[in-house]
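Please read it with the sequence and the three-dimensional view at hand.

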Amino acid sequence: MEDSNSLKHYPLNVRLKSLYIIWYRELLIYWRNRIKVFTSIFLPLLLVLFFGTGFKALFPTTLLPYDFSQFFYPGILSLSTVVMAMSSTLSIVWDREFGFLREILVSPVPRSNIVLGKIFGATTVATIQGALLLLAAPYLSLELGFIDFIKIIIFLFIFNAGVSALGVFFASGIKKTESFSVFLQIVIAPMSFLSGAFFPLNNLPLWVKNLAHLNPFCYGADGLRWLILSPSLEKEKILLFTLHSLKSSILFLIIFDFIIFTLAIYRFKR
Amino acid sequence: MTVDNEILENGSQQITEVIQVENLKKNYNNFKALKGISFSVKKGEIFGFLGPNGAGKTTTIHILSTLTLPTSGLVFVNGFNVLTRPDMVRRSIGLVFQETTLDTHLTAEENLFLHAYLYGVPKKEFNQRKREVLKLCELWDKRKWRVENFSGGMKRRLEISRALIHWPQILFLDEPTVGLDPQTRTKIWDYIFTARKHKETTIFLTTQYLNEAENCDRIAIIDNGEIVALDTPENLKKMIGEDIISFRTLDNELAEKEFKEKFPEYKLKKIGKELKIEVENGDEFLPILVKAISPKIISIELRRPSLDDVFLEVTGRKIRDDETLKAVEEEEKFNLADLFSLFPKNNKKNKT
């Protein structure tokens, strides 16, 4: 559709402007949809509150050396940002069906910028979502300093950039909105269950762990656990329910980001 | 065609032929959507593409707007080759598609803002142009409305104003009035004429309404991927022949006799109670005829051939006859392999 060297035709300020406008549209739509903003915050909190207290009653502290809701909270936080990033990028399919994508495609904006604008828009929305959910931390007796907060935001950004790019990658292959549910069941559901957000993966069979080592969601959940819990919990306890260290999580996610960005841009251009 | 891209880039104002198409072909697998069409459009012209569904109208617009790649042939828009400089082509054109491409979550104003930003319209100018185009399409009062609350006609009007906001050299309209009520249709034509008058915008449109095609400066009739006729509406109508006069008198036999005596060069046909003659300049012949015939004339009708007659003549059928041409291709609902593969087999991003 677009020859590979055509990028040189676009001056830098035009490219930045178009990147900005696609990013801006994403935020505008997020902001317009107040109900979605509300439910996307309400539901995870509900999960942590009810499941957390329910399981806490099921496993007494003698069996489980940590508070279940403290284990549960970072995982749910990471997954709810994933949902946000995914639903933002998968709106490409929606745009395609309702025609707006074409309006962008015929505009003098390079294709790669459309992808990047979309990815960064979705990442920003997901990070805002994560930040809002982080405000609940004190109620679970988790102490977070300002520096911790900033670190978590940066981590969320790195994590969700990859997730959003994954969303674009898949959205480029989906032609109809009806295919959504199939995609969610076949791709997103298994990845979420194997992310360790709902239960620790440490004592599971080896094949499950091997799959988890390839799952970016798992690195996201683990990284967030280290960042959110380490100010309040001892390292030994966190080790009980994480598969990867913070460093390896960050490293994996950065590499994953690079690969999936390239693939997403490549696939969208076709 | 001797078009030097480099020269034209500097002086795009001087080109008189803003669209040049030479032997353009497009195949979808085995289906030949365009079988080598050639035409050119002059600056400031309203050029109409007339044809039934599936004739290749939308495919042509998609190729001219760089959405689809041609299989072969040369295409220059505003002096730029669509293959080598799609960016410059996109910057010089405005598009209104058959289906709406507005962002329904946003307000009318925001839709314009996004568009202006995508096309690099300076912010200061944007406000002025916004007022101008919204007033032109009579949507200024509704600029803060969300597009999802708009009616079909309002959406179409907003799309036209959006396509005009970056002052395109060429405005493409793919069936701009389909599905709209007659009043809105007339208004949309008013906007089109105003836009051309103010900015010398060239307008390229497709339509299947014959009466609308008469508004164009020139028409190409396309059928089965081929241009079967191309001329001004007047010339096209002249091409198929002469004006038709049919009249009734109190004494048809006497009239017939008189007519044959006075005008032996014309043929006279008797159809029922009516007498029918074909003449070259019906409006001039009519008064002569009335004076020449002595029996009292009860009724007389002068009919000019319509574009419908032209279409009938060049394609052998009426434009509404063939709904069968609408080859609707059933798309696969979901293909798992397609979801994961980097190289999807059938890249159907561009439909006919």
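Helices (H or I, at least four residues) and strands (E, at least two) are DSSP runs, numbered from the N terminus. The model is predicted: local features need pLDDT of at least 70, side-chain atom pairs count only at pLDDT 80 or more, and totals for chains, interfaces and linings use all residues. Residues are numbered from 1 along each chain as its sequence is written, and chains are lettered from A and ligands numbered from 1 in the order in which they are written.

**A loop residue of chain B**

Pro122(B) sits in the loop between helix 4 (108-118) and helix 5 (123-136) of chain B. A residue is called buried if 20 or more other C-beta atoms, placed from the backbone, lie within 10 Å of its own, exposed if 12 or fewer do, and partly exposed in between. Pro122(B) has 8 other C-beta atoms within 10 Å and is therefore exposed. Between Pro122(B) and Phe97(B) there are 25 residues in sequence and 25 Å in space, C-alpha to C-alpha.

**Domains and sheet of chain B**

An automatic or database domain assignment supplies the domain bounds. In chain B it gives domain 1 (5-236) and domain 2 (242-304), and the C-alpha centres of these two domains of chain B lie 45 Å apart.

Two strands pair if DSSP finds at least two bridges between them. Four strands of chain B form an open sheet with antiparallel pairing, in the order 12-13-11-14. Strand 12 (268-271) and strand 14 (297-303) of chain B are its edge strands, each pairing on one side only. Strand 12 of chain B is joined to strand 13 (residues 274-279) of chain B by four bridges; Lys270(B) has Leu275(B) in strand 13 of chain B as its bridge partner.

Chain A has twelve helices and zero strands. The radius of gyration, taken over C-alpha atoms, is compared with the globule rule, 2.2 Å times the number of residues to the power 0.38. For chain A the radius is 19 Å, close to the 18 Å that the rule gives for 270 residues, so chain A is as compact as a globular protein of that length. Buried residues make up 46% of the 270 residues in chain A.

Residues are in contact if their C-beta atoms, placed from the backbone, lie within 7 Å. The table lists what each chain gives to the contact.

| Chain | Residues in the contact |
|---|---|
| Chain A | 36 residues |
| Chain B | 31 residues |

On the side of chain A that touches chain B, helix 1 of chain A gives the most, with eight residues.

Notes
Two residues are in contact if their C-beta atoms, placed from the backbone, lie within 7 Å.
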